[in-house]
Amino acid sequence: MTDRMERHYRRAMLAYPRGYRAANTDAVVATLLEVRGPVARETLALVRGGLAERLRERTARTPWWAGGLHLAALAVLASAATWALPLMNLRPVSGVLLVAAALLTALGRVRLALPFALALTPHPVRPLIGPDDVGVAWYSGRPLAADYGPWTLTVILWAPAVLLAVLSLRRGPRLPRRSLLWPAVIAAMAVYAHSLNFDTAPDWEPSFALLRTACEAGALLLVLAATALVRDARWALAATVYLACTVAPAALLAANSPHRTAAYGTLAALTLLAIATSRRKERTA
Amino acid sequence: MARPMTEPTYFILAALLDGPSHGYGIIKLAERESGGRVRLAVGTLYGALDRLAEAGLVALDREETVQGRPRRYYRITDDGQDAVAAEAARMRAAALAVTRRLPPRTAPA
């Protein structure tokens, strides 16, 4: 029985980072076997503590505002790719620019990423609209549909460049490397965009909008969970910046269906909740 | 003004005032002294001890081997004593704000 319990708790300790496990597993497991508390409760506390410890290790490397803006830049680039599918179809080089900007940003090389993001931006005082441009309403008349306003995509494509410019001003060690899944997903979207025909609104586009909103809501729930665990403001900052750069332009500069307005309201509420959670002092116990 | 201490933190520090103690001892003492309100899971306790050690309120005292298993003892630091004493004083002042205004209860005949 004791051996089985010990094996169970040692498995639960896998939630902790490797270094922490090496230093503390024996002592923690010995205490668990001595206390003999409810197994489910003790296991949950170990998993929760392990995840919190992993998050603390990651957040220790950079100030909260730099980490938050770095994450926001990647998220905004990914969102720009989803909004710019027609653009990537019409102008394949824009897909290459997005992937390059995302790859360099994920590697922490924001100053190198900035020129690629700037090359992507449309004219700052002329919205993307016209026969060769992409200010066309290809979402229309369906739940979660929206008509592009002429400025929506313009604002969304400028946002990554602005964020990278702010990050480029920062002095100090290079930003840590982030997951290469970000540029990989954008590359997949750029490749997929080539196969599409944007002469007519595609049948799948309401599902695509729904999928994007679901991903955004799922990401915000993860933001809430991470913020609640370690009370660090970086994820709430990233969510707020993302909301301001992508969701807000779509909500304010386009004509939206009631369903889409409700979706945006949900995203805004989750972001506000993350901000409120980040402002509460971390509980020591 | 310092933020109030959480109840678990308060009773973890209180449990160490009598001298260095190990995880099991801290958990049991905290539960007893809090009247059963503070029941710490082991993972939560060690996370709290890590944060308190970072804040300089507790420190690792020693590690022993009992029945082939390691047992760590933690002690409260001078800063930890000051912090928990300040919290106790704060709570006493807060309690006085109410108790001095309540009329004394007379026992039923």
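In residues 64-85 of chain A, the end C-alpha atoms lie 32 Å apart, and the span is 95% helix and 0% strand. Please bear in mind throughout that this is a predicted model.

For residues 261-278 of chain A, the model gives 100% helix and 0% strand, with 26 Å between the end C-alpha atoms.

Let me now turn to a residue in helix α4 of chain A. That helix covers residues 64-83, and Thr82(A) lies within it. Is Thr82(A) buried or exposed? Its relative accessible area is 10%, so Thr82(A) counts as buried, the cut-off for that class being under 20%. The side chain of Thr82(A) reaches the backbone oxygen of Ser79(A), at a distance of 2.6 Å. Leaving aside residues up to four places away in sequence, Thr82(A) touches Met189(A), Phe208(A) and Arg212(A).

The next residue is a proline in helix α9 of chain A, which comprises residues 181-194; this is Pro183(A). Pro183(A) has a relative accessible area of 5% and is therefore buried. Which residues does Pro183(A) touch, if those up to four places away in sequence are not counted? They are Val99(A), Ala102(A), Leu103(A) and Ala106(A). As for distances, Pro183(A) and Arg170(A) are separated by 13 residues in sequence and by 23 Å in space, taken from C-alpha to C-alpha.

I come now to two arginines in loops of chain A. Arg36(A) is found in the loop between α2 (18-35) and α3 (39-59). Its phi is near 55°, a positive value in a residue other than glycine. Arg231(A) sits in the loop between α10 (205-230) and α11 (234-253). Arg231(A), although not a glycine, likewise has a positive phi, of about 50°. How do the two stand in accessibility? Arg36(A), at 54% relative accessibility, counts as exposed, because the threshold for that class is over 50%. Arg231(A), at 15%, counts as buried.

Let me move to chain B, where helix α1 covers residues 7-15 and includes Pro8(B). The relative accessibility of Pro8(B) is 14%, so this proline counts as buried. Pro8(B) and Val84(B) are 76 residues apart in sequence, and their C-alpha atoms are 12 Å apart in space.

My last topic is a pair of packed helices in chain B. At what angle do helix α2 (residues 23-33) and helix α3 (residues 42-54) of chain B pack? The angle is about 100°, and the axes are 11 Å apart. The helices α2(B) and α3(B) are therefore roughly perpendicular to each other, since angles of 65 to 115 degrees fall in that class. On the α2(B) side, the contact is made by Gly23(B), Ile26(B) and Ile27(B); on the α3(B) side, by Val42(B), Leu45(B), Tyr46(B) and Leu49(B). Sorted by class, the contact of α2(B) with α3(B) has 6 nonpolar residues, 1 polar residue and no charged residues.

Definitions and conventions
Residues are numbered from 1 along each chain as its sequence is written. Chains are lettered from A and ligands numbered from 1 in the order in which they are written. This is a predicted model: local features need pLDDT of at least 70, side-chain atom pairs count only at pLDDT 80 or more; totals for chains, interfaces and linings use all residues. Side-chain values use heavy atoms; hydrogens and water are left out. Helices (H or I, at least four residues) and strands (E, at least two) are DSSP runs, numbered from the N terminus. Buried means under 20% relative accessible area, exposed over 50%, partly exposed in between (1.4 Å probe, protein chains only). A polar contact is a pair of N or O atoms within 3.5 Å; within protein, one must be able to donate a hydrogen and the other to accept it, and residues adjacent in sequence count only if both atoms are side-chain atoms. Contact means heavy atoms within 4.5 Å. Axes are lines fitted to C-alpha atoms, for helices over the stretch in contact, and angles run from 0 to 180 degrees between N-to-C directions. Angles under 35 degrees count as roughly parallel, over 145 as roughly antiparallel, 65 to 115 as roughly perpendicular and the rest as oblique. Ala, Val, Leu, Ile, Met, Phe, Trp, Tyr, Cys and Pro count as nonpolar, Asp, Glu, Lys and Arg as charged, and the others, Gly among them, as polar.
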